[in-house]
Amino acid sequence: MTSLSKDSQPAVQPRSSLDKNLDRGFIWLTLLFALAVAGVLIWMTVVVGIGAIPAMLKYGVGFIFSSNWDAVNDEYGALPQLYGTLVSSIIALIFAVPIGLGVALFLSEDYLPTRIQVVIVFLVELLAAIPSVVYGLWGIAVLVPIMKAIGGQIYNLFGWIPIFGTPPSATGLGMLPAGLVLAVMVLPTIAAISRDALISLPPDLRQAAVGLGATRWEAIIKILVPAAFSGIVGAIMLALGRALGETMAVTLLIGNSNNISASILAPGSTISSLLALKFAEADGLQVSALMYSALLLFAITLLVNVLAEMLVRRVQRI
Amino acid sequence: MNNDEFNADLLKRSPGSPRTLFGILMTGLTFLSAGIALLPLVAVIGFVIAKGGSRIKLGVFTELPPTAYQVDGGGFGNAIQGTIILVVIAALISIPIGVLAAVYLTEFGKGTKLADWIRFFTNVLSGVPSIIVGVFAYGVIVLNLKNLGIGNGYSTFAGGFALSILMLPIIVRATEESLKLVPPEVRQAAVGLGATNFQTVSWVVLPAALPAIITGTTLAIARAAGETAPLLFTALFSQYYLPLSEKGPNALYEPTASLAVLVYNFATRPFENQKELAWAASLILVLMVLLTSIISRIATSRKVY
C-alpha cells in the first residue's frame with residue numbers, strides 16, 4: 001500500500017501560468033471587442049466630422065439656411081432637405097402614433113387569447129423586417145397612383161388650406177406618399193415598445209382602478225397609459241429616429257425636388273435622399289458638403305435616439 | 001340601512017350609459033387600428049408575390065441584368081453572387097466581434113458601469129441611420145483605398161464593411177439575450193469542476209447558447225441582405241459577375257452588384273422588363289426575411305436548456 005500512496009498525487013494541481021495567462025487574455029480580448037463596438041459610434045462621429053470640415057469652414061452656419069445645391073458653382077445649402085426630413089417624419093408620426101398606440105392597446109389587453117396575440121405581435125414585427133427598398137418599389141407601383149387620385153380630391157376640396165395648397169405632381173410623388181410609407185415602417189417600433197411598456201406595468205394598478213369602479217377604458221386612459229407614459233414617449237422617439245434617417249423608400253417616393261413648399265402634396269427631398277442621390281457621383285467640395293449634411297442628420301438622430309434610449313431604459317428599470 | 005331597499009340594478013352596467021358606449025367605441029378603434037396595421041403587410045407581400053412570382057424562372061438566377069432595350073430575358077445572377085459575398089464579408093467581421101463583446105457584457109462585465117455604458121452605446125449605434133453608416137464606410141474604406149491607389153475605392157469590401165457595422169449591434173444584442181438564457185447553475189458547475197473562465201465560456205456557456213445565437217445571427221444576416229442605402233456609394237453596382245476566378249481575393253476591390261441596389265436601380269426605370277426583375281428580386285429579399293423570421297420564431301419558442 002505504501003507504493004500507492006507514493007504514486008498518488010494531489011488531486012488539484014495549481015494552474016499552469018499558460019492557463020492563467022490564457023484566461024486573463026481572454027477576458028481582456030472580450031473587453032477589447034466590447035469597447036470596439038462602443039467605439040464604432042465615436043469613430044463614426046470622427047470620420048463624418050472630419051469629412052465635413054472643409055464645407056463647415058466654407059459655409060458655416062449659413063449651410064442650414066441656404067437652399068442652393070449648385071455643383072457647378074460649388075454653392076451648397078441644406079435647408080430644403082432639413083425641412084423635408086422633419087416634415088416627412090412628422091407626417092409619418094401623425095399616422096403612426098394613433099394607430100401604433102391602438103395596436104399596442106389591442107395587444108396588451110385581453111381581447112384575444114394569448115396564442116393569437118403572439119401571432120399578431122409577430123406579424124406587426126414583420127412589417128419592420130421588410131426591406132426599405134421593397135416598400136419604395138411597392139409605393140411607386142401601388143400607393144402613389146392611389147394617393148395621386150386622393151391627393152387630387154383633397155386639393156379640389158381643401159386647396160385653400162396651405163398644407164394642401166398644390167395639386168399632386170404629374171408623377172404623384174411627394175411628401176404625403178413618402179410620409180405614409182414611413183408611417184408603415186415605424187409603426188412596429190411604436191406598437192412593440194409601447195406594448196412592452198404597457199404589459200410590464202404591475203397588475204395591481206389595473207386591479208385598484210377596476211376595484212374603484214373604473215371601466216376598462218377609464219382604467220386605460222386614466223391609469224395605465226399615464227403610468228406607461230415615459231415608455232410610450234420613448235417608443236415614439238425611437239420611431240422618430242428611424243423616420244428621420246430612413247432612406248430608400250423616401251428617396252423613391254418623395255420626388256426629390258430641391259424646394260420648400262408648405263403643401264404636403266408637393267414633392268420635396270430629405271437629407272437621406274440627397275445623400276442617396278448625389279453621393280456616388282460627387283467629388284471635391286460637394287463630398288464635403290454632403291458629409292456636412294450627413295453630420296447634421298447624424299446629430300439629430302443621435303440626439304433623438306439618446307433621449308429615447310434614456311426613456312426606454314427608465315421603463316425597463318421599474 | 002335596510003336591506004330591502006338595496007337596489008341591485010345600480011350595480012349593473014347600463015348598456016346605454018356614456019361610459020359603456022365610450023368603451024365600446026374605443027375597443028372598436030383598437031380593433032380597427034390592428035386591422036389597418038396589418039393591411040400594408042398583406043398588401044406588400046401580396047403584390048411582391050403576385051408581380052415577382054411570375055418572373056422567377058431558372059434563368060433569373062444565372063443570367064446578367066438586361067440592358068434597357070432588351071425586351072425579354074435577363075436575370076440577376078451577379079446580384080445574387082454579390083449579395084452573398086457582401087453578407088459573408090459582413091458576417092466574418094461582425095460575428096466574432098459581436099459575440100465576444102456580448103460575452104464580456106454578460107459574463108465578465110455584468111453589472112459594472114462600463115458594461116452599462118457599452119450597452120448604451122450599442123443601442124444608440126443600432127439607431128444610426130443606415131445611410132450614415134454608408135457615409136462612414138465611404139470615409140473609412142473608399143477614400144483610403146482611393147488614396148492607396150487601389151482602383152477608385154468603390155469596392156465589395158467597403159460594402160461588406162458597411163453591412164458589418166449595421167449587423168454588429170443586432171448580433172451583440174441577440175447573443176446577449178441568448179447568453180442570459182443559460183442558467184447560472186451551468187456556469188457554477190463548470191467553475192466547480194475547476195474550469196477557468198475561458199474554458200467555462202468556450203466549452204460550456206457558448207455551446208449551450210449556440211442555437212439561439214445562430215438564430216439571432218441568421219436574422220441579422222437576412223436584414224443586412226435587404227439593406228440598400230449603405231451600398232449605394234460603397235459597393236455601387238456592377239453589370240457583371242465579380243471576377244473571382246480570374247483575380248481571386250483582389251476582386252473584392254471592385255464594385256459589385258447586389259439584389260437590394262438592383263431593386264432600387266430598376267424601380268424607377270421605364271422599361272417593363274427591368275421593372276419585372278425589380279419585383280422578382282424583391283420577392284427573393286422578402287422571402288428570405290420572412291422565412292428566417294418564421295424559422296427563428298419557431299426555433300426560439302422551444303427553449304430547452
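**Interface and architecture of a predicted two-chain model**

Between chain B and chain A, about 7100 Å² of area is buried. Carbon and sulfur atoms give 82% of that area. The size of an interface is often given as the accessible area lost when the parts come together. The model is predicted. Its scores are ipTM 0.92 and pTM 0.93.

The contact draws on both chains. Chain B supplies 81 residues and chain A supplies 77 residues. Polar links were also counted. Residue pairs in polar contact between chain B and chain A number 11, with both partners at pLDDT 80 or more. The top contributor is α1(B), with 20 residues. By class, this side of chain B holds 59 nonpolar, 16 polar and six charged residues.

Salt bridges were examined next. Side chains of opposite charge can pair when their charged atoms come close. Two salt bridges were counted between chain B and chain A. A salt bridge joins the side chains of B:Arg19 and A:Glu218, with an N to O distance of 2.7 Å. Over all chains, the count comes to 12 salt bridges. Another example lies within chain A. There, A:Glu109 forms a salt bridge with A:Arg206, and the closest N and O atoms are 2.9 Å apart. This pair links distant parts of the chain, the two residues being 97 residues apart. A:Glu109 sits in the loop between α4 (79-108) and α5 (114-129) of chain A. A:Arg206 belongs to helix α8 (residues 203-211) of chain A.

The fold of each chain was then described. Chain A contains 13 helices and two strands. Its C-alpha trace spans about 105 × 65 × 35 Å along the principal axes. The radius of gyration of chain A is 27 Å, whereas a compact globule of 318 residues would have one near 20 Å. Chain B has 10 helices and zero strands. Read along the sequence, the pattern of chain B is α-α-α-α-α-α-α-α-α-α. The C-alpha trace of chain B spans about 100 × 65 × 35 Å along its principal axes.

Chain A averages a pLDDT of 92, and 95% of its residues score at least 70. Residues 1-5 of chain A have a pLDDT below 50. Beyond near neighbours in sequence, this stretch makes zero contacts in the model. Where pLDDT is low, the predicted coordinates should not be read in detail. For chain B, the average pLDDT is 91, and 97% of the residues score at least 70.

Key. Residues are numbered from 1 along each chain as its sequence is written. Chains are lettered from A and ligands numbered from 1 in the order in which they are written. Side-chain values use heavy atoms; hydrogens and water are left out. pLDDT is the predictor's confidence in each residue, from 0 to 100. Contact means heavy atoms within 4.5 Å. Buried area is the accessible area (1.4 Å probe) that two parts lose on being put together, summed over both. A salt bridge is a side-chain nitrogen of Lys or Arg within 4 Å of a carboxyl oxygen of Asp or Glu. A polar contact is a pair of N or O atoms within 3.5 Å; within protein, one must be able to donate a hydrogen and the other to accept it, and residues adjacent in sequence count only if both atoms are side-chain atoms. Helices (H or I, at least four residues) and strands (E, at least two) are DSSP runs, numbered from the N terminus. Ala, Val, Leu, Ile, Met, Phe, Trp, Tyr, Cys and Pro count as nonpolar, Asp, Glu, Lys and Arg as charged, and the others, Gly among them, as polar. The radius of gyration is taken over C-alpha atoms; the globule rule is 2.2 Å times the number of residues to the power 0.38.
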